[in-house]
Amino acid sequence: MGQKKKILLFGRGMVYERKKEVLFRDYEVEAFLDNAISESDDSVTDERTGVPVIHPASIVRYPESPVVLLSYALGDMYRQLLDLGVSKKRIWFGVSMSPYDTFEKMLFESNGRLVPEGREIFYINEEQKLRVRVNSSDLGDLRKTLQENIRYPDAGKIIDCLPLHPLDDAYGMNRGTPVDRYYIEQFLESQKEWIHGTVMEIGDRAYTLKFGGDRVADSIVLHVDQAVPENHQIKGNFATGEGLKEESVDCLICTQTLPFIYDIHSAVNHMMRILRRGGIILMTVGGISQIIQYEKIHYGHFWSFTDQSLKRIFEENPEVDSVEIFTYGNVKTAAAFLYGISFEELSRTDLEPCDPNYQLIIGAVVRKK
């Protein structure tokens, strides 16, 4: 591989967050420009990357590197750099680089581009016969123009097709397999190597048998309401610790349980307590979900999670060695799940893309020290 081209980045907000992985992959980032930094301070570094952060006036230290503008206020940044003597050729509009959000995709995947003319910037799209001066402080102002253009998606047809009531108000179980179960099983299949030794599962042992196979030496079922000794089912409660034996299992399979326990910190403590040293929890929780009245009435439906909240809950426990998080779902499968459309009614191309902004299911592999 050849040497990467050196660049400077101006902006560390949401546009930067979208583009940073690609920028750091394809280029060598020499410094960030930031107006909040004093011109005389040359000791600041970005905490996440270790890259120096300098005031734009200090750009004289980097006389040749292109500057990538990473903000919707790109006109303001552009003029500031011109006033500092930076040539137009060195100024790149990072907002037009992929990956895009939906607005940027609408602008730039249709052969649209940003063109500097003097001290102004124009959005030009020959295909759509558009030439619009960009608001210096807000690229998003272009939405007003695009709403009158055929490139702007019409929501009317989609809204007209959306019923006011779900097709099935029981997660889609009356139509087939609920969509969340598809992702839960995908997670367990990918982590089945950890299902071994003494395995505890909540409610039944279906996943223990399906994914554990002959690696399982002993299978325990934990039920909150009743014990069935002949079925090796014990009565126990993660919220209170009732019926739970310390350091008794190698693997805990806990799917879709934590949202129905109010004292989740106590539950996590007791989950860690029953694990042997080096033991594993295979946990799934709901992110986007309806509320089922049966569960709400009998147990309570208290929480929905994100990747951040699930990770943090476990990382705060001193017995935890590591937490690995996985997210599943996209806007289409999340909508299908809310409408009670079953997994069988969706295609593989519907199910496979996972968009971290639409977390239908979050999985965690938690290891005890």
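**View 1. Helix H2 against strands E6 and E7 of the predicted model.** Helix H2 (residues 74-83) lies across E6 and E7 and runs at about 130 degrees to E7. Contact here means heavy atoms within 4.5 Å; axes are lines fitted to C-alpha atoms, for helices over the stretch in contact, and angles run from 0 to 180 degrees between N-to-C directions. Helices (H or I, at least four residues) and strands (E, at least two) are DSSP runs, numbered from the N terminus. Residue numbers start from 1 along each chain as its sequence is written, and side-chain values use heavy atoms, with hydrogens and water left out. This is a predicted model, in which local features need pLDDT of at least 70 and side-chain atom pairs count only at pLDDT 80 or more, while totals for chains, interfaces and linings use all residues.

**View 2. The open sheet E6-E7-E8.** Three strands form this open sheet, in the order E6-E7-E8, with antiparallel pairing. Its edge strands, E6 (113-117) and E8 (130-133), each pair on one side only. From one strand to the next, the twist averages 30 degrees. Two strands are taken to pair if DSSP finds at least two bridges between them. E6 and E7 (residues 120-125) are joined in the antiparallel sense over 5 bridges; Arg113 has Ile124 in E7 as its bridge partner.

View 3. Glu104 belongs to helix H3 (residues 102-108). Glu104 is buried, because its relative accessible area is 0% and the limit for buried is under 20% (exposed is over 50%, partly exposed in between; 1.4 Å probe, protein chains only). Its side chain makes polar contacts with the side chains of Lys19 (2.9 Å) and Tyr72 (3.2 Å). A polar contact is a pair of N or O atoms within 3.5 Å; within protein, one must be able to donate a hydrogen and the other to accept it, and residues adjacent in sequence count only if both atoms are side-chain atoms. Not counting residues up to four places away in sequence, Glu104 also touches others, including Val15, Arg18, Val95 and Pro99.

**View 4. The cis peptide bond at Pro99.** The bond from Ser98 to Pro99 is cis, with omega near 5 degrees. Pro99 sits in the loop between strand E5 (91-93) and H3.

**View 5. Positive phi at His232 and Glu247.** His232, a residue other than glycine, has phi near 55 degrees and lies in the loop between strands E10 (216-223) and E11 (233-235). Glu247, likewise not a glycine, has a positive phi of about 45 degrees and is placed in the loop between E11 and strand E12 (249-255). His232 is partly exposed, with a relative accessible area of 33%; Glu247 counts as partly exposed at 33% relative accessibility.
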